[in-house]
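Please look over the sequence and the model before reading on.

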Amino acid sequence: MRFRTDLCNIKIKLQSSYAVKNTRSYAAIAYLFLAPALILMGVFTFWPVGFNTYLAFQDYSIADGTATWNNFAHFKYIFHEELFWNALKNSLLYLLIVPVIQLGALVLAKLVNNKLPGMTFFRATFYIPVITSISIAGVVWIYVYKYDGMLTWLLTSLGLLHEQIDWLGEPKIALYMMMIFTFWKGIGYYMVLYLAGLQAIPSEVEEAAVLDGANAWQRFWKITVPMVKPTILLCTLLSTIAAIKVMQEPIVLTKGGKGDTYTALFYVYDQAFRNFNFGRAAAAGLVITFFCVLLAIIQFRFFGEKK
Amino acid sequence: MAMGRNSRRIMGLTGHYAGLIAFAIFTAFPLWWAASVGLSTNPENMYSFPRSFWPTEPGLLWFAKVFTDMPFLTYLKNSTIMAVMTVVGVVIVSVLAGYPLARLKFVGSKTIFVIIILTMMLPSEVAMIPNFITMKHLHLINEYLGATVINFSAAFGIFLMKQAFEMVPQDLIDAARVDGATEMQILWRIMVPVSAPSIAALGIFTLVNAWNDYLWPSIILTSREKLPLAVGVFNDLTGPFATSDSMVMAAIVMTVIPVLVFFAFTQRYFVSGMDGAVK
C-alpha cells in the first residue's frame, strides 16, 4: 500500500516537473509537427491570396512572367463587362439550390434512418453520385439533357412536353438544369451528414410523440428539425459555400454556353486558362473572394445569434 | 381497430418504400443507362426509351474496344499513383498537425486552429492561378507531385485527426511520458494505433476524392500519358476521340466501377467518418 502511494507520488512529481521543464520544448515540438501542414498551406493557400491581389493590378504575361502595373484596368474592364455581371448573378442565383438540397437530404436521411430491410442498399445507392467523378457523371448527364435524350423522353411520355428541347442550350433554363445535376450529385453527401445527426437522437423521443398522436408531418417539423439543428447549420454553411463557388458544372456540362451558364468562378477559370489573361482572372477572383468572405461573415453572425 | 392500425401501418410502409425506390431510380438511372448502352453490342436502341435501359444483344464488345482504342490502363495507373500519393501525403500531414492541436499546450494553438479552419472559407479555386505560376517555378507542371501536393494540407483532415486524438484517454499519454517516451513515439506508438479507425476513414475519403479529382489535374497535367481517369476519359469522351457513343458509355462504366467496388467494401467508414466530423 505504502509502496503504491510512493509510486503515485513519484509519478505526479515526474509529471509536474516534466510539464514545467518542457513548456518551451513543447512549443518547439508542436510547431515542428505543425510545420508540414503550415508550410504547405502557406505556399498553396495563403500565398495565392496575396499573389492574386498583386496580379489583379498587373498585366501579367504567362510566357515570360513579366508583370506591369496597369492602373486598375482589369477592374474597370470587368465592372463594365456584361459577361462578368451575368456570371456573378448566376452564382447568386445558384444559392436557390441550398434550401432545396438541404430539405431533400434531411427527408432522405429520415427515410433511411431505421432498421427496415434494404436500408443499406438505399443508402449506398443514394451515395453513388457523390463518389462518381464530376467529369464522368457530367458526360452521362449531357446525354440526359440532349434534345432527344432521357429528359425529353420522360416529359413527352408523361404528356407534359410536345417538342424536343436542348435542355443545356436554352439560355433561360440551362442554369436550372445545371442545378438539378448539382442536386443529384450532392444530396447523398448531405444525407450522410444528416444521418450522423439523426442517429444521435434517442428513439424514445419519437416513440413518445407517436404515443401522443403526433403524425409524421408534425414529428418531422417539431422533433427532427429542432434536434438536428446543429447539423442543419453546418450543412447549410457547407452548401452555401459550395453553391457560390460552383464552377466545375459549367466546365463539364456546357463550357459556359453563350454566357448564360457562366458562373463567377467559371469566368475566372475561363479568363485564366482559355483566354490566358491571368491578371483579369485574378481581379475577378478577388471580387469573388470578397463576396465569399462577406457571405461567411453574414452566416457566422446569423448562426451565432441563433445559437 | 387493430385491423385499421395494421392497414395504416402497411400503407405507411408502402409509401415509405415507394419514396425510397423513386429516389433510388433518380440517383441510379444515369449510370444504369450508361451500363446498358455499354453492354449493348447493337447500338440501334440507344435513344429509344425505355428500351435502352435494357441491353440489346448484350456483349462486351465496347468494353474490349476501350482497351484497344483508349490508353485506359495508362489512365488507371496514373489515377492509382496519384490517389496513393495523396492519401499518404494527407494522412502524414494531418496526423502530425492534429496531435499538437489536440494534446499539446503551446502559445498560439488556438490561433493556428482558427486559421486552419478559416481556409475552408477561401475559394480555393481562385488560388489555381497563383498555384499554376508557383508550379511553373517549381518545375512541377505535368508532374504527379504538382497535381497532388496542393491537396496534402487540408483543414478537413487536420480537423478530423484533432477530433480523433482528443478522444484518446490522457492516462495512456501520461504513462508513456513517465516511461520516457518522446512525443514522436507517443504519436506513433499510442495515438496512431488507437485512432486507426479515424485514420482509415480519412484515408478512404481522401482516396475517393483524389480518384475523382478533375479540375486541378486537368490544368496542371499537359501530356496525355500523365492524365488520371477522371481527366483522360473525360477528354477522350468529349474531345476528338469521341467516335462512338457506345464506347463512351463503356468507358464511363469502367471508370466508375473501381470506386464502386472500393465503396462497397468500405461503406461503413463513410458514415462513421462523417460522424466524427459532425461531432
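This is a predicted model: local features need pLDDT of at least 70, side-chain atom pairs count only at pLDDT 80 or more; totals for chains, interfaces and linings use all residues.

Residues are numbered from 1 along each chain as its sequence is written, while chains are lettered from A and ligands numbered from 1 in the order in which they are written.

**Between the chains.** Chain B gives 67 residues to the contact and chain A gives 72 residues. Two residues are in contact if their C-beta atoms, placed from the backbone, lie within 7 Å. On the side of chain B that touches chain A, helix α13 (residues 245-278) of chain B supplies the largest share, 13 residues. Helices are DSSP runs (H or I, at least four residues), numbered from the N terminus.

**Domains of chain B.** Chain B has domain 1 (2-59) and domain 2 (64-278). These bounds come from an automatic or database domain assignment. Their C-alpha centres are 34 Å apart. Eight residues of domain 1 of chain B touch seven residues of domain 2 of chain B.

The table gives residue classes for two contact sides. Ala, Val, Leu, Ile, Met, Phe, Trp, Tyr, Cys and Pro count as nonpolar, Asp, Glu, Lys and Arg as charged, and the others, Gly among them, as polar.

| Chain B, touching chain A | 49 nonpolar residues | twelve polar residues | six charged residues |

**One residue.** Ala243(A) sits in helix α12 (residues 229-244) of chain A. Ala243(A) counts as buried because it has 22 C-beta neighbours inside 10 Å. Buried means 20 or more other C-beta atoms within 10 Å of a residue's own, with C-beta atoms placed from the backbone. Beyond its neighbours within four places in sequence, Ala243(A) contacts Tyr94(A), Leu95(A), Ile97(A) and Val98(A).

Technical notes: Helices (H or I, at least four residues) and strands (E, at least two) are DSSP runs, numbered from the N terminus. A residue is buried if 20 or more other C-beta atoms lie within 10 Å of its own, exposed if 12 or fewer, and partly exposed in between; C-beta atoms are placed from the backbone.
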